[in-house]
Amino acid sequence: MTMLLQQNESRELLLINRPELTLEIEQQAHSSVRIIVLNLDGNDADNHISTHHLGKGCTTEIYALAVLSGNEQVSNTSFVGHDVCEGVSKQVFKYILSGSSKGYFSGKVLIAKDAQHTSAEQTNRNILLSDTARMRTLPQLEIYADDVKASHGASTGRMDDSAVFYMQQRGLSRKQAEALMLEAFAMEITSHITDVTQRQKAEQLLETALYNL
């Protein structure tokens with residue numbers, strides 16, 4: 001899918017359980033796009049998202065969540081090209097992996113020489129629920145301008161035992177505590193869905209996916 005956003009245009013795209021997704025977006029001045037990608041159905045998926053800022057003052061937001069079980073594999077590849085000045089981008093990719101599932105994330109932010117006063121943020125956070133789940137992550141920043149704010153980071157780990165223990169001290173079982181923590185972790189992504197009906201639908205799918213882990 002290829003999309004051109006005209007000057008000052010604003011779009012939100014919600015993409016749920018696409019087995020193969022290729023999305024290329026070009027943005028004219030002061031346009032904005034929010035992309036939410038959810039993989040919650042237990043099937044393999046391969047997602048590619050690419051955006052280019054062709055005019056100044058563009059905003060790009062990409063939020064993605066994958067809940068994996070069994071032998072499922074989900075791959076997310078993203079590219080944000082800041083070609084001109086005053087652009088803003090934010091990317092948050094999250095995975096919850098159980099069983100023998102495998103996740104892959106590769107994200108690149110390119111800030112060109114003329115893209116001064118750019119602000120770019122990229123985050124990948126992952127929770128492993130089993131010893132056999134695997135996550136590979138490759139966040140990248142390539143910067144040629146000298147007046148920018150840019151950050152990227154990735155973390156992969158287990159459930160926070162101290163937080164689980166804290167919740168158990170307040171009357172929850174370990175299973176209940178873990179379920180609440182996973183739900184909070186995941187709903188940071190679904191909370192960005194503007195349409196209330198669509199957000200409720202996505203959260204119902206999320207609840208089912210978490211229950212089946």
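**Entry 1: contacts and ground rules**

I take a contact to mean heavy atoms within 4.5 Å. With that in hand I looked up the contacts in the chain with a separation of 6 or more, and residues 24 or more positions apart account for 73% of them. I note that this is a predicted model, in which local features need pLDDT of at least 70 and side-chain atom pairs count only at pLDDT 80 or more, while totals for chains, interfaces and linings use all residues. Residues are numbered from 1 along each chain as its sequence is written, and side-chain values use heavy atoms, with hydrogens and water left out.

**Entry 2: overall dimensions**

I compared the radius of gyration, taken over C-alpha atoms, with the globule rule of 2.2 Å times the number of residues to the power 0.38. For 213 residues a compact globule would come near 17 Å, and the chain has 18 Å, which agrees. Along the principal axes, the C-alpha atoms fill a box of roughly 55 × 35 × 30 Å. I call a residue buried under 20% relative accessible area, exposed over 50% and partly exposed in between (1.4 Å probe, protein chains only); buried residues make up 41% of the 213.

**Entry 3: the sheet**

I counted secondary structure as DSSP runs numbered from the N terminus, with helices (H or I) of at least four residues and strands (E) of at least two, and the chain comes to three helices and 12 strands. Two strands pair if DSSP finds at least two bridges between them. On that basis I find an open sheet of six strands in the order β2-β4-β6-β8-β10-β12, with parallel pairing. The edges are β2 (10–16) and β12 (148–157), each with a single partner strand, so one side of each is left without a neighbour in the sheet.

I then went through some of the pairs. Seven bridges join β2 to β4 (residues 32–39), and there Leu 13 has Ile 35 in β4 as its bridge partner. Between β6 and β8 I find 10 bridges, with Thr 60 opposite Ser 89 in β8. Another entry is the β8 to β10 pair, also parallel and joined by 10 bridges, where Leu 97 stands opposite Leu 128 in β10. Eight of the 10 residues of β8 are buried, so this strand is largely enclosed by the rest of the structure.

For angles I use lines fitted to C-alpha atoms, for helices over the stretch in contact, with values from 0 to 180 degrees between N-to-C directions. Helix α2 (residues 174–190) lies across β4, β6 (59–68), β8 (88–97) and β10 (118–128), and runs at about 145 degrees to β8. Helix α3 (residues 196–211) also packs on the sheet, touching β2, β4, β6 and β8, and its direction makes about 30 degrees with that of β6.

**Entry 4: Ser 50**

I looked up Ser 50, which is found in strand β5 (residues 45–53) and is buried, with a relative accessible area of 18%. Not counting residues up to four places away in sequence, Ser 50 touches Leu 23, Glu 24, Ile 25 and Phe 79.

**Entry 5: cysteines**

How many disulfides are there? Taking a disulfide as a pair of cysteine sulfur atoms within 2.5 Å, I count zero. The sulfur of Cys 58 is 9.8 Å from the closest cysteine sulfur, in Cys 85, which is too far for a bond. Cys 58 counts as buried at 1% relative accessibility, whereas Cys 85 is partly exposed, with a relative accessible area of 22%.
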